[in-house]
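Work through these exercises with the model in view. Try each task before reading its solution.

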Amino acid sequence: DAAHAQLPSLGLGVSTAFGDVAELMRQIDRRGLKIDALRAYERRRIPLCSMLQLMSRGMYMVSGMLAALKANSGGGGGDSGGDGGGGDGDGGVQRETATTAASAAATAVV
C-alpha cells in the first residue's frame, strides 16, 4: 500500500498491491530479472494506480459532501436552518454550497 497510497474510499489497497505483484511477475517471466522488466511494469501499472488514486480521492470528497448534506438536512422544519423562523436560514445556503461542491468534485473525477 505504501507504493501507491490512496484513501480507503474504494477499498482497493490490497487488491491493487496484488495486481502490482501479478504484473511484476508477468514482466519478469517475459523479460527476465532485468531493468526492462521493471520499466515495463511501471508503464503498465503507474497509469492504472494513478487513476485509482484519483477515483478514491474523488469518492472521498463526494462522500464528505453527502455527509454534509445529510447533516444539514436534519433538524426538521424545512429549510429553517435551525433559526426557528421557518424561513430559509443558513440551512438552505449550506445545502446549496455542499451540493455545488459535491457536483464539482464528481465532475472533476469524471
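## Exercise 1: A glutamate and its partners

Glutamate 23 is buried, with a relative accessible area of 3%. The model is a predicted one.

**Task.** Find which residues are linked with Glu23 in a network of salt bridges.

**Solution.** 

1. Start with the burial call. Buried means under 20% relative accessible area. Glutamate 23 has 3%, so it counts as buried.
2. Side chains of opposite charge can pair when their charged atoms come close.
3. Take one partner. Glutamate 23 and arginine 26 form a salt bridge, at 3.0 Å from N to O. Both residues sit in helix H1, 3 residues apart, which is about one turn of the helix.
4. Check the exposure of this arginine. Arginine 26 is partly exposed, at 37% relative accessible area.
5. Take another partner. The side chains of glutamate 23 and arginine 44 also meet in a salt bridge, at 3.0 Å from N to O. This pair links distant parts of the chain: glutamate 23 is in helix H1, arginine 44 is in helix H2, and 21 residues separate them.
6. The network consists of Glu23, Arg26 and Arg44.

## Exercise 2: The surroundings of arginine 44

**Task.** Decide whether arginine 44 is buried or exposed, and list its contacts beyond four places in sequence.

**Solution.** 

1. Locate the residue. Arginine 44 belongs to helix H2, which spans residues 35–73.
2. Apply the cut-off. Exposed means over 50% relative accessible area. Arginine 44 reaches 52%, so it is exposed.
3. List the contacts. With neighbours within four places left out, arginine 44 is in contact with Glu23 and Gln27.
4. Look at the spacing to glutamine 27.

## Exercise 3: A buried pair

**Task.** Name the residue that forms a salt bridge with arginine 45, and say which helices the pair ties together.

**Solution.** 

1. Find the partner. Arginine 45 forms a salt bridge with aspartate 20, and their closest N and O atoms are 2.7 Å apart.
2. Arginine 45 lies in helix H2 and aspartate 20 in helix H1, so the pair ties together parts 25 residues apart in sequence.
3. Check burial. Arginine 45 and aspartate 20 are both buried.
4. Finish with the count. The model has 4 salt bridges.

## Exercise 4: Leucine 10 and tyrosine 60

**Task.** Say what leucine 10 touches beyond four places in sequence, and which residues form a nonpolar patch with Tyr60.

**Solution.** 

1. At 28% relative accessibility, leucine 10 counts as partly exposed.
2. List its contacts. Leaving out residues up to four places away, leucine 10 touches Leu52, Met55, Ser56 and Met59.
3. Turn to tyrosine 60. This residue is in helix H2 and is partly exposed, at 48% relative accessible area.
4. Compare sequence and space. Leucine 10 and tyrosine 60 are 50 residues apart in sequence, and 8.5 Å apart from C-alpha to C-alpha.
5. Identify the patch. Leu7, Tyr60 and Met61 form a nonpolar patch on the surface, with about 280 Å² of accessible area together.

## Exercise 5: The chain as a whole

**Task.** State how many helices and strands the chain has, and what share of its residues is buried.

**Solution.** 

1. Count the elements. The chain has 3 helices and 0 strands, in the order α-α-α.
2. Read the burial. Of its 110 residues, 21% count as buried.
3. The accessible surface is about 7300 Å², and 62% of it belongs to carbon and sulfur atoms.

How values were computed:
Residues are numbered from 1 along each chain as its sequence is written. This is a predicted model: local features need pLDDT of at least 70, side-chain atom pairs count only at pLDDT 80 or more; totals for chains, interfaces and linings use all residues. Side-chain values use heavy atoms; hydrogens and water are left out. Helices (H or I, at least four residues) and strands (E, at least two) are DSSP runs, numbered from the N terminus. Buried means under 20% relative accessible area, exposed over 50%, partly exposed in between (1.4 Å probe, protein chains only). Accessible areas come from the Shrake-Rupley method with a 1.4 Å probe; for residues, only the protein chains shown count as cover. Contact means heavy atoms within 4.5 Å. Patches are made of residues with over 30% relative accessible area and no salt bridge: like charges are joined within 9 Å, nonpolar side chains (Val, Leu, Ile, Met, Phe, Trp, Tyr) within 5 Å.
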